[in-house]
Structures are given as C-alpha cells and as structure tokens.
Amino acid sequence: MVSSLVGQFVCFVFLVVVSISRVRAKQTVFDVTKNGGVADGKTDNSKAFTDAWTQACQKNGGGVILFPTGKYLVRPVILKGECKGPIGLQIEGTLLAPQGVQSSVDMDHWITFQHVDNLDINGGGLLDGQGPSAWHHNNCLKDAKCKRLPANLRFDFVTNLNIDHITSINSKNLHINLFACQDVKVTNVNISAPAESPNTDGIHIGSSSNIQILDSVIATGDDCISFSAGSSKINVSGVHCGPGHGMSIGSLGRGNNNNNVSFVDIRNCSFVGTDNGVRIKTWAPSKQGTVSHVYVENIRMDQVKNPIVIDQNYCPARRCSATESSQIQIVDVKMINIWGTSSTPNVVTLKCSETKPCQKIQLRDINLSYKGPDGPAVSACSKVHVITDGKQNPRACTKPVKQVPRNFDVLN
C-alpha cells in the first residue's frame, strides 16, 4: 500500500514537472522575484506580480509568470487582457492574502483576471485567503446590505481557461468565481475551508458555459459547486464534496433577468457529511426562468442530511412571502443510480412551485438508507411530475412535503 502511494506521488510530481518544463520551453518565464518580489510572507508582492503580468501579456507569443517556492504576500490585484499570446501563471509557492480590513471588507476580489484569453494556472502551489481574519464580518443573514468579502480567485470574461493542480484554502468568501467565462477546465484542484466558514463556496459559476470540473476535492462551509443564473453546458465528474452544502443549482429568481440554467451534467461524484447532496433552489416569489436538462448519475452519499432536494420556496433569511410561488420552471431532471446513506430521514425532498409544477423529473435506481431514531427514510414530493424506474429505496413520493429542511445558508 505504501509503495503504491509513493509510486502515485512520484508519478504526480513527474507529470507536474513535465508540464512545467513544456510550458517554459515554449514561452518566456517572468519570475516575480526578478521583478522585486520577496518570498518572506511579509513584503507586499502585488507590484512585482502586476509588473510580471504586464511583461508577459505584452510580449508577442505571451509568457509565464512564475512564483517560485516560498511565501508571498499579495494585496488585491486585477490582471487584465487582452494579451499578445497565451499566459501561464505558475504557482510553486504559497500566495498569502492580506488580513487587514482595508484589503478584506467591502471588496469582492483578491486576485482577479478580466478579459483574458488562453490562461493556464498550475504549478502545485497554494493560495491562502486567510479567511479567519474576516469571516466575523459576514453578517448577511442579518443585514441585507452587508459588505462584500473577497474571493480568492475571480475570473470575469475569461475564455479558454485551464486551472490544474492548485490548492485554495480559507478564502474570505468564494474560492473560485467564474463570471461570463467560456471554455473553462478545472482539474485536480483541492479547495478547503472549515465547515462553519460562511459563504466559502468552492466554485461558483454564473453566466458561463462550456465548463468542466474534474477530479477534484472540495471541502468548505458552503456549496462545493454552485451553478447560478446563466450557467449552461457544465460537466462535473470525479469530484469529492464534503463538508459543505453539497452542489446547488441556484438560488434562482431573485434580482436577475436571466434565471436560466441548462445542460448540467454531474457524474461519478461522492458527498460525505454534507448538508445536501444535489439541490435545486429557487426563490418564492421570483422572476421567470427555467432549469432544464439536468443529469445526475452515479453518485455516492455518505451520511448526507438531505441527499436529493428541489426547493422552490427557498428563503434562508425568512423574509419571503408565504403565499406567492416561484416562477422558475424546472423540467427534464434525471437522477440516476444514487446510493448510500442519509443522516436524516429526509432522503428525497421535491417541493416544486404551486403555479409552475416541476415536469419530467426522473428517479431511477435510488437506494438511500437512513438508520436512526427519527423513523424510516422518506421520499416526499409536492407539485411534481415524477417518472420512476428501477430500484426505489425508499419508495418514491410516498408523502407530501410539509417543510423543506433548512440549512444555515447565507444569501446566495
């Protein structure tokens, strides 16, 4: 067993080194330490970073920005295209976010990329958002006008993005935020924050398409992956999720004109100790929109509180109407071969809109058990057209939904 693990580690290191050497053989490397960067964990390296970025971006054929081994304090930066060639960011060391209020509170980013095409981020390094210094400022459940906190990595209008073999820990807010991005591949990332850390979603996707998230481990205080308005053509496979709130489509219908999410494919993933497994959540009342063509297959649940959830009366702050319905239409959702254990009896909960009931929801080969003091496992459904096939444990939709089990979600 040990020799096998050692062999896998050596193979991993070899692959990383080969990928680095290939990039460097093709492109000029801009080392931040040659631009005034200091790896002491105290000196601000934001100017060294932006200077190296400018040099690489303006060079014909592009270049690679390198953070060698060591600890680099980096204050918030915005790195902009358009560049004259592909850009690489090679992180071999540790990047540290600042802890001061001026760089943390009422700011939506730490490291942001805007309008960049052909960007590779890799190197096996680590981004430390130093979230404990700011999490106590997150009071969004109590104050609708709460101040923003920064994401570790933010991508706005970025195309042809590859993120590989990067670790992100303790973001003050989201870890990776994708907005208006196209053709993105995220592989072999490790994202972590304590289970009680607020809004530390692993990967948040909005207004983006052609996204792949593969072979990664995400353990946070919020959604492992969240798919918000305008998300389409997304493939998730081989992701381990937990702790956290699971994977969520939404929330949808609140303060956005494009409330559509479509063609989301989630396969071969595991959820361990999460509040939810796979969840679709929409506000009530809401603006109009559609969730369609969602395919979830080969999913293992291990002591998940609510493995399968559709909640069209989502309202974490309890400031919503009790009489108005969601206007989001949910249609063509397939849940196939989902097995394992639940830590509560709420194995399947499908609570759909009173005015726009869910259509074509397929449950095939569901085998989820609960062993505890609160009675047998329950599959509860309201206002939903369900198609069942194969094994159903528990039997599908035997009870109406009285109330959707609540988590301590912060507004998102």
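The legends below describe close-up views of a predicted model.

View 1. Ser-46 belongs to helix α2, which covers residues 46–58. With a relative accessible area of 14%, Ser-46 is buried, because buried means under 20%. Its side chain makes a polar contact of 2.9 Å with the side chain of Asp-44. Leaving aside residues up to four places away in sequence, Ser-46 touches Leu-73, Val-74, Arg-75 and Val-77.

View 2. Cys-57 sits in helix α2, while Cys-83 is in the loop between β5 (77–80) and β6 (87–91), so the pair ties together parts that are 26 residues apart in sequence. The two partners are classed separately by accessibility: Cys-57 is buried, with a relative accessible area of 2%, whereas Cys-83 is partly exposed, at 23%.

**View 3. The disulfide of Cys-224 and Cys-241.** The sulfur atoms of Cys-224 and Cys-241 are 2.1 Å apart and form a disulfide. The link is right-handed, with 85 degrees about the S-S bond. Distant parts of the chain are joined here: Cys-224 is in the loop between β18 (209–219) and β19 (225–227), and Cys-241 is in strand β20 (residues 232–241), 17 residues apart. Cys-224 is buried, at 0% relative accessibility, and Cys-241 is also buried, at 0%.

**View 4. The disulfide of Cys-352 and Cys-358.** Cys-352 and Cys-358 form a disulfide with their sulfur atoms 1.9 Å apart. This disulfide is left-handed, because the torsion about its S-S bond is about -100 degrees. Cys-352 is buried, with a relative accessible area of 6%. Cys-358 is buried as well, with a relative accessible area of 0%.

**View 5. Cys-181 and Cys-269.** Cys-181 is buried, and its relative accessible area is 0%. Cys-269 takes part in no disulfide. With a relative accessible area of 4%, Cys-269 is buried.

Definitions and conventions
Residues numbered from 1 in each chain as written. Predicted model: local features only at pLDDT ≥ 70, side-chain atom pairs only at ≥ 80, totals over all residues. Heavy atoms only, no water. Helix = DSSP H or I, 4+ residues; strand = E, 2+ residues; numbered from the N terminus. Buried < 20%, exposed > 50% of the residue type's maximum accessible area, 1.4 Å probe, protein only. Polar contact = N/O pair within 3.5 Å; in protein donor to acceptor, adjacent residues only side chain to side chain. Contact = heavy atoms within 4.5 Å. Disulfide = S-S within 2.5 Å.
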